[in-house]
Amino acid sequence: MEARKVYMDNNATTPLHPQVKEEMIKAMEVFGNPSSMHQFGRAARSMVIEARQSVASFIGSKPEEIVFTGSGSESSNTVLSILACPARLCDCSGLGKFSKIITTTIEHPCVLETAKCISQRDIEVKFLSVDQYGKIRMEELEEELKKGPALVSIMTANNEIGTIQDIKQIARLSHKYDSLFHTDAVQAVGKIPVDVNDLDIDLLSLSGHKVYGPKGIGALYVKKGTPFCPLIRGGHQESGRRAGTENTLGIIGFGKALQVRANEMPAEHERLLGYKKRLKDGLKNNIEDIHFNGHPQDCLANTLNVSFPGAEGESILLYLDLAGIAVSTGSACASGSLDPSHVLLSTGIPIEYAHGSIRISMGRDTTSEDIDYMIEVIPKVIQKIRKMSTVKIGGGKNE
Ligand SMILES: Cc1ncc(COP(=O)(O)O)c(C=O)c1O
């Protein structure tokens, strides 16, 4: 009998949707360069046009407002780097008045690290704190905005704890103070409705592999009229906003993935909310000293971040892996590092809670039986690790 496999790491990446795979296999025959005038180029170009329409319609934008990039990380790097453009040769001349970035301490490293790097180039960066659930404080944002126009970059939903920010209110506040608003919506798009017009967003990052599409493809929404500056120069592709021959196959897969998501997302959301409640109750009833991280309501339905003080997250991950269950500790990009998650520490939880946390992220393939299996296995694993550990439940050394 094949060993049981339960994939609960969909925030790290998602498997290709079968319909996406089928579309990409067909598209492999189309090898032309979308910039070429001949029939081979035209065939590729028309598929890219179709995919652009699909991505645009999924977030309520116009196709010409979508720039395909190499990843969600590249999209956000592009946005933050606009402020550091020394030349002001492109569409970014209007950016002179923005000399500051306002972001948060819980962003993905693609925003955090870029902001830190840019702060070395005479651009002021303010990292907003968050409350115990991972929400920013509007008063703190407003205080910063009052000091002058800024580029505000705040993620829609957090990849580790799932907390969803009040994006509409943040965008409104940013615009009230003449600032630009960017959101890293890599974890939100495809899980909750995101409409750039309704939310009044200027710039938004998204990624193919989080929505059952291929890896190595991302997109950036740039609202018409927003000052812009390419990160990668040297070609007319993407209307001069991102040089380099298009990743045609990736773009086609991404377009198909969002087309399929539009049909699947609403029912899936309800199903996963039900699973999450059952999983939470099942763990709470069978494990003592347990703490759930993230906002109790404003949270992605698929994401459950939980701390088991007295058990190391890495040990939990390894024991669950032996039982066929794949989860993560912190974000995938941070794995390999034993530093506690910057997101969890920002919410103010004690360090031993941060060390003993795992992220369970469900997806379209998650079944009710998977939830039963987790409720059966996780309590046994925690009990075993806590028994072996020298750390008492609730913290403190045994000796
Ligand atoms: C919130 C968030 N932003 C950005 C990224 C990076 O996306 P990509 O892997 O496409 O670079 C991730 C991936 O984990 C993410 O969770």
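Reader: Which strand holds Lys100?
Author: The structure is a predicted model, in which local features need pLDDT of at least 70, side-chain atom pairs count only at pLDDT 80 or more, and totals for chains, interfaces and linings use all residues. Residues are numbered from 1 along each chain as its sequence is written, and side-chain values use heavy atoms, with hydrogens and water left out. Strands are DSSP runs of E with at least two residues, numbered from the N terminus, and the one spanning residues 100-104, where Lys100 is found, is strand 3.

Reader: Is Lys100 buried or exposed?
Author: A residue is called buried under 20% relative accessible area, exposed over 50% and partly exposed in between, using a 1.4 Å probe and protein chains only. Because the relative accessibility of Lys100 is 5%, Lys100 counts as buried.

Reader: With which side chain does the side chain of Lys100 make a polar contact?
Author: A polar contact is a pair of N or O atoms within 3.5 Å, where within protein one must be able to donate a hydrogen and the other to accept it, and residues adjacent in sequence count only if both atoms are side-chain atoms. At 2.7 Å, the partner of the Lys100 side chain is the side chain of Glu144.

Reader: Why is strand 7 largely enclosed by the rest of the structure?
Author: On one side of strand 7 lie Leu203, Ser205 and Ser207, on the other Leu204 and Leu206, and all are buried. Strand 7 (residues 203-207) is therefore largely enclosed, since the number of its five residues that are buried is five.

How values were computed:
Helices (H or I, at least four residues) and strands (E, at least two) are DSSP runs, numbered from the N terminus.
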